[in-house]
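This briefing concerns the predicted model shown below. Please read the points alongside the sequence and the structure.

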Amino acid sequence: MQVNAAANPTAEDNERLPATLVYAGIDVEAAGLFAGVRGRQIAGRFTVIPSTRFAYGTGRQREQWRALIATLESLLRLHRHRTGSLVELDEYLYRRSGGMIGSLLQLMRGAAILAIEDGSEQISKQLLDSVPVDYAAERADTASRPPRRGSRAVRRHTG
């Protein structure tokens, strides 16, 4: 059996290839990708760039979040959507998405589809409220909510 070098490049072929390859994975360090002799060779060829959710605590972090929303909003092709209206909902969108890009994309994509289907051609907070979010974003939203007034958590901290 003969192996086609183009279909199965060797390490030498990869080192001569004039390109940057980007791979994505989840928890690659813990999954054992870099374990053992072969793992050490693989680890020597890659740079791991960890990805976390956006932070929202400082003014700069909020600016970055709003810039992301503005960029995504500029990609919408809805005939009646008012540019900037989603940026005004930055805190709401952060809470609904948990600061995760994938969750934000899912939320905005779902709202855009509904806006097309219902003929409104615009995204409003009311429309966003009707879009379910993924489990991770739902859990992040619940965990980040301030305690309700009169709850034990509030009384414990105030009294």
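Glutamate 121 sits in the loop between H5 and H6; helices are DSSP runs of H or I with at least four residues, strands are runs of E with at least two, and both are numbered from the N terminus. The model is predicted, so local features need pLDDT of at least 70 and side-chain atom pairs count only at pLDDT 80 or more, whereas totals for chains, interfaces and linings use all residues. Residues are numbered from 1 along each chain as its sequence is written, and side-chain values use heavy atoms, with hydrogens and water left out.

**Glutamate 121**
- Glutamate 121 is buried because its relative accessible area is 13%; buried means under 20%, exposed over 50%, and partly exposed in between, with a 1.4 Å probe and protein chains only.
- Glutamate 121 has no salt bridge, and the nearest side chain of opposite charge, arginine 80, is 6.0 Å away. A salt bridge requires a side-chain nitrogen of Lys or Arg within 4 Å of a carboxyl oxygen of Asp or Glu; for charge, Lys and Arg count as positive and Asp and Glu as negative, while His and the chain ends are not counted.
- Leaving out residues up to four places away in sequence, glutamate 121 touches Arg77, Leu78, His79, Arg80, His81, Ala115 and Ile116, a contact being heavy atoms within 4.5 Å.
- The phi of glutamate 121 is positive, near 60 degrees. Most residues other than glycine have a negative phi.

**Other positive phi values**
- Aspartate 27, in the loop between helix H1 (11–16) and helix H2 (36–43), has a positive phi of about 55 degrees although it is not a glycine.
- Glycine 98, which follows H4, has a positive phi near 70 degrees.

**Aspartate 134**
- The loop between helix H6 (125–129) and helix H7 (135–144) holds aspartate 134.
- Aspartate 134 is buried and has no salt bridge; arginine 109, the nearest side chain of opposite charge, is 8.5 Å away.
- A polar atom of the aspartate 134 side chain lies 2.9 Å from the backbone nitrogen of alanine 137.
- Beyond residues up to four places away in sequence, aspartate 134 touches Ser103 and Gln106.

**H4 and methionine 100**
- Six of the eight residues of H4 are buried, namely Asp90, Tyr92, Leu93, Tyr94, Arg96 and Ser97.
- Methionine 100 lies in the loop between H4 and H5 and is partly exposed, with a relative accessible area of 23%.
- Methionine 100 and alanine 55 are 45 residues apart in sequence, and their C-alpha atoms are 9.4 Å apart.

**Nonpolar core**
- The largest nonpolar core has 24 residues, and those with the most contacts inside it are Trp65, Leu86, Leu93, Leu104, Ile123 and Leu128. Such a core is a set of buried Ala, Val, Leu, Ile, Met, Phe, Trp, Tyr and Cys residues joined through side-chain atoms within 4.5 Å.
- Helix H3 (59–74), helix H4 (90–97), helix H5 (101–117) and H6 each give two or more residues to this core. H5 provides the largest share, six residues.
- Isoleucine 123 touches, among others beyond four places in sequence, Leu76, Leu86, Met108 and Leu128.

**Whole protein**
- The protein has eight helices and zero strands.
- Buried residues make up 25% of its 159 residues.
- Of the contacts between residues at least 6 apart in sequence, 58% join residues at least 24 apart.

Note on methods. A polar contact is a pair of N or O atoms within 3.5 Å; within protein, one must be able to donate a hydrogen and the other to accept it, and residues adjacent in sequence count only if both atoms are side-chain atoms.
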